[in-house]
Amino acid sequence: MGKMSVNLCGIELDNPVIPASGTFGYGYEFAELYDINVLGTFSFKGTTKDARFGNPTPRIAECTAGMINAVGLQNPGVEKVINEELPKLQKCFNKKVMANVSGFSVEDYAYTCEKLDKCEQVGWLEVNVSCPNVHGGGMSFGTSPEAAAEVTKAVKRVTTKPVIIKLSPNVTDIVSIAKACEDAGADGISLINTLLGMRIDLNRRKPVIANTMGGFSGSAIFPVAVRMVYQVANAVKIPVIGMGGVSSAEDVIEMMLAGATAVEVGAANLIDPYACRDIINALPKAMEKYNINSLSEIIGGCK
């Protein structure tokens, strides 16, 4: 059997498959279905400084080859995550976990990351800069190189663990933002977050989602994600985590050839809770089919 392990920012993963934030809860929910220690790791639910109820319902809209969601970062806040969620996870997951962090100001990001950085279970901090910049008029921190770099610097000042900046695809030039994060000290880049989408109820002639628009994910966005991963991986020297529409072992290999060191699986988990386990089980056969002896050797192999 081929070697599936990869090294992500200095930490060895048994395989590159990582359930994406917002699709895997805090992990222990899925541990009731199968042994989640088969995963490389997982990125837990987006966590903010304070508890958030989230957006009004309905929050989900189905669409061809994907879905739109506007959950609104519903979570219990960082203190409860540390004191209640992580102890539950520790009972069923013996690997380092990726902490996904969101915020509404630079100070929010720094506060939450500093708290989570002290947790022994946390191996990486995945910082989602797709959140609104409250002090900047509501635009996402990830829409400009300067804003993304500011968050990166603030988080790096108060943490010791690898910081991976998660970027939004809803920009004109993804490469300039990724490079700004690298220059500001980021240890890795993850992309892509959801595209912006909308559905309309024909009977009511109103948006399906109460929030009008939401994040479009699912297999339909895979080609966009591969393109952006390829562009960024060829522009930075730090590891890239690829995601966006991944639903098979072949998709994982394609992402890695585009330049991803590890690959996150998102919407597929909401369709099939066993998706990540099945992708991992299918990887050896896919590696054999494409004459791959080691996954780490194919990273960025598409030239």
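I began with E126, which stands opposite I164 in β8. Strand β7 (residues 122–128) and β8 run parallel and are joined by 4 bridges. I take two strands as paired if DSSP finds at least two bridges between them. The model is a predicted one: local features need pLDDT of at least 70, side-chain atom pairs count only at pLDDT 80 or more, and totals for chains, interfaces and linings use all residues. Residues are numbered from 1 along each chain as its sequence is written, and side-chain values use heavy atoms, with hydrogens and water left out.

Next I looked at β8 itself (residues 163–166). Strands (E, at least two residues) and helices (H or I, at least four) are DSSP runs, numbered from the N terminus. V163 and I165 point one way, I164 and K166 the other way, and all are buried. Buried means under 20% relative accessible area, with exposed over 50% and partly exposed in between (1.4 Å probe, protein chains only).

I then followed the chain to strand β9 (residues 188–191), which runs parallel to β8 with 3 bridges. K166 has S190 in β9 as its bridge partner. With helix α5 (residues 174–183), β8 and β9 make a right-handed β-α-β unit. Right-handed means that, with the strands pointing away from the viewer, the path from the first strand over the helix to the second runs clockwise.

I turned to the core. The largest nonpolar core has 96 residues, and L167 and L191 touch the most other members. Helix α9 (residues 275–289) gives this core its largest share, 7 residues. Such a core is a set of buried Ala, Val, Leu, Ile, Met, Phe, Trp, Tyr and Cys residues joined through side-chain atoms within 4.5 Å. I listed the contacts (heavy atoms within 4.5 Å) of L167, leaving aside neighbours within four places in sequence: among them are V129, I174, I177, C181, I189 and L191.

I also checked an open sheet of 4 strands, with the order β4-β5-β13-β10 and antiparallel pairing. Its edge strands, β4 (60–63) and β10 (195–197), each pair on one side only. β4 and β5 (residues 66–69) pair over 4 bridges, and E62 stands opposite M67 in β5.

How do α6 and α7 lie to each other? They are roughly parallel, a term for angles under 35 degrees. Helix α6 (residues 222–233) and helix α7 (residues 249–258) pack at about 30 degrees, with axes 8 Å apart. In α6, the residues that meet α7 include F222, V226 and Y230.

Technical notes:
Axes fitted to C-alpha atoms, helices over the stretch in contact; angles between N-to-C directions. Parallel < 35°, antiparallel > 145°, perpendicular 65-115°, else oblique.
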